[in-house]
Amino acid sequence: MKKLWTVSPLAMLVGVAALLSGCGGSSTAADSGSSGGGSSSSSSGSGSSGSGSSGSGSSSGATGTAALVYGCNWLFESDAQTANIEYPDTNAVYWIAALPDTIPSGDQIQIAGTSATARYFSFSIYNENGKAEASADDAELFGAGSTPANAVSPGQAYTVSVIYSLTASSSGTTLVANPLDISTRAPAHKFLVYRLYLPTSGAADFGNLPALTYVAASGTRTPLSATPDQASCNTILSNIENAESGGSSSSSSSGGLEPTPAVKPPKMAIYRSTSGRFQNLDVKYMYEKINDTLGDMLIIRGQAPSFANGAQSPQVRYWSICSDGAHAPYPVVACLADQDAMIGSDGYYNVIISTNTPPSGYQSAFNYLPFGAAAFGRPIYRQLLASSSFSLSIAANDLSLDPASSMGAYYPGSTYCSNSVFSANVGAGAAAVFSACQSSEGIGTVPDTGD
């Protein structure tokens, strides 16, 4: 299936919503789930073949005109290979549908499919501004919430019911949307996001996506692949495209917290917000700001958590390190997935981020990520669905005042290094390189006025 957008659809959603601040509130952070896209004709790619009618009823409480009655089938695929906005992880894919912002009591929307051939998948519902209302990951769908780090076997059938209630709670295969969180723009809608990490097949094919069906209390079923809301769905696509074409300044807000300088020695911090727009609440993040004048390279080193591979009880479902830009539109340069990391005999990963290829010999123990063209970067370390028994995870240390100490060897330490120091010590191994770089890096500050 051809992708439809030249810029990130989720970032476009943000344009419609007003502002997307990475993963949370006024701070800029990581992996909001926004990524991907390609240029669009608003009448294509929805997978719908409706009549263009706005439907036979009305969404009670919806403001404006042309509110969605049944909803829009999967509208577009968003991934980091086709666009680059708001810190996407290059190993993830996202699909977006639009749902009514409220429906009559007793009605529901069903999501039916089989578990994906992927490391992880989930469904999340957001209001028009990207506030999370409900979410369920694959482990929860199959009653494995107590072991979230274990990947779900592919090919298992599931049905998820989306209901609208002020008193019910999301649990297992029921997602509860807020019927009073009403859109301020027409067509009134919420967003449904289907996330897949490390999908191995079918992620870019409409034919492999879960089926979306509106089920009335009477039992009448209306597939969203043939929704009568097609005209409204086309309007949503058009509004998204128009909002984004108005400029990138609407895509994010610093909230007065930026700009911050890049400093040496660098230090990773935990991103603590849970109120970010389009945020995946299954992911915990760490980040820092860096500058390409503070050293020939940055090295990130830490003990690698075990990850889900079907043969063990892993500490996390997935982890990655990404080289990202620090300024809007907050692009990703490259990401290293756990399965591609070089792990030393001591259990540590060692990642170099540099504007140039590091000196010879680095391939023996180091992964390499390019810095990117901008002077300021923001490396991001992710952990997805850490096991509750993993006491040194980001999630378990979310409130720690000193994660460098409380996370122990799993803390992602970082240091700037010169080519000469690296070359002089690479023969002694990665640990010796990191230690020598820390000892010689000195101190420094580079003010940033560009955020």
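Q: How many disulfides does the structure hold?
A: The structure, which is a predicted model, holds 3 disulfides.

Q: What makes Cys72 and Cys233 a disulfide?
A: The cut-off is a pair of cysteine sulfur atoms within 2.5 Å. For Cys72 and Cys233 the S to S value is 2.0 Å, so the pair counts as a disulfide.

Q: Why can we say that the link of Cys72 and Cys233 ties parts of the chain together?
A: Cys72 sits in strand β1 (residues 72–79) while Cys233 sits in helix α3 (residues 230–245), so the pair ties together parts that are 161 residues apart in sequence.

Q: Is the link of Cys72 and Cys233 left-handed or right-handed?
A: It's left-handed, with -100° about the S-S bond.

Q: How do you know that Cys322 and Cys335 form a disulfide?
A: Their sulfur atoms are 1.9 Å apart.

Q: Why is the disulfide of Cys322 and Cys335 called right-handed?
A: Because the torsion about its S-S bond is about 105°. As for where the two ends lie, Cys322 is in strand β16 (residues 316–324) and Cys335 is in strand β17 (residues 332–337), so this pair ties together parts that are 13 residues apart in sequence.

Q: What makes Cys417 and Cys437 a disulfide, and is it left-handed or right-handed?
A: The sulfur atoms of Cys417 and Cys437 are 2.0 Å apart, and the cut-off is within 2.5 Å. So they form a disulfide. The torsion about the S-S bond is about -55°, so this disulfide is left-handed. Cys417 belongs to strand β22 (residues 413–417) and Cys437 to helix α6 (residues 430–440), so the pair ties together parts that are 20 residues apart in sequence.

Q: Are these cysteines buried or exposed?
A: Cys72 and Cys233 are buried. Cys322 and Cys335 are buried too, and so are Cys417 and Cys437. Buried here means under 20% relative accessible area.

Q: What pattern do the disulfides of the chain follow?
A: Counting bonded cysteines along the chain, the pattern is 1-2, 3-4, 5-6.

Q: How do you know that strand β3 and strand β6 pair?
A: Pairing needs at least two bridges. Strand β3 (residues 108–114) and strand β6 (residues 157–164) have 6 bridges, in the antiparallel sense, so they pair. One of the bridge partners is Val162 in β6, which goes with Ile109.

Q: What makes β6 and strand β7 a pair?
A: β6 and strand β7 (residues 174–177) have 4 bridges, in the parallel sense. At least two are needed, so they pair as well. Here Val162 stands opposite Leu175 in β7.

Key
Residues are numbered from 1 along each chain as its sequence is written. This is a predicted model: local features need pLDDT of at least 70, side-chain atom pairs count only at pLDDT 80 or more; totals for chains, interfaces and linings use all residues. Side-chain values use heavy atoms; hydrogens and water are left out. Buried means under 20% relative accessible area, exposed over 50%, partly exposed in between (1.4 Å probe, protein chains only).
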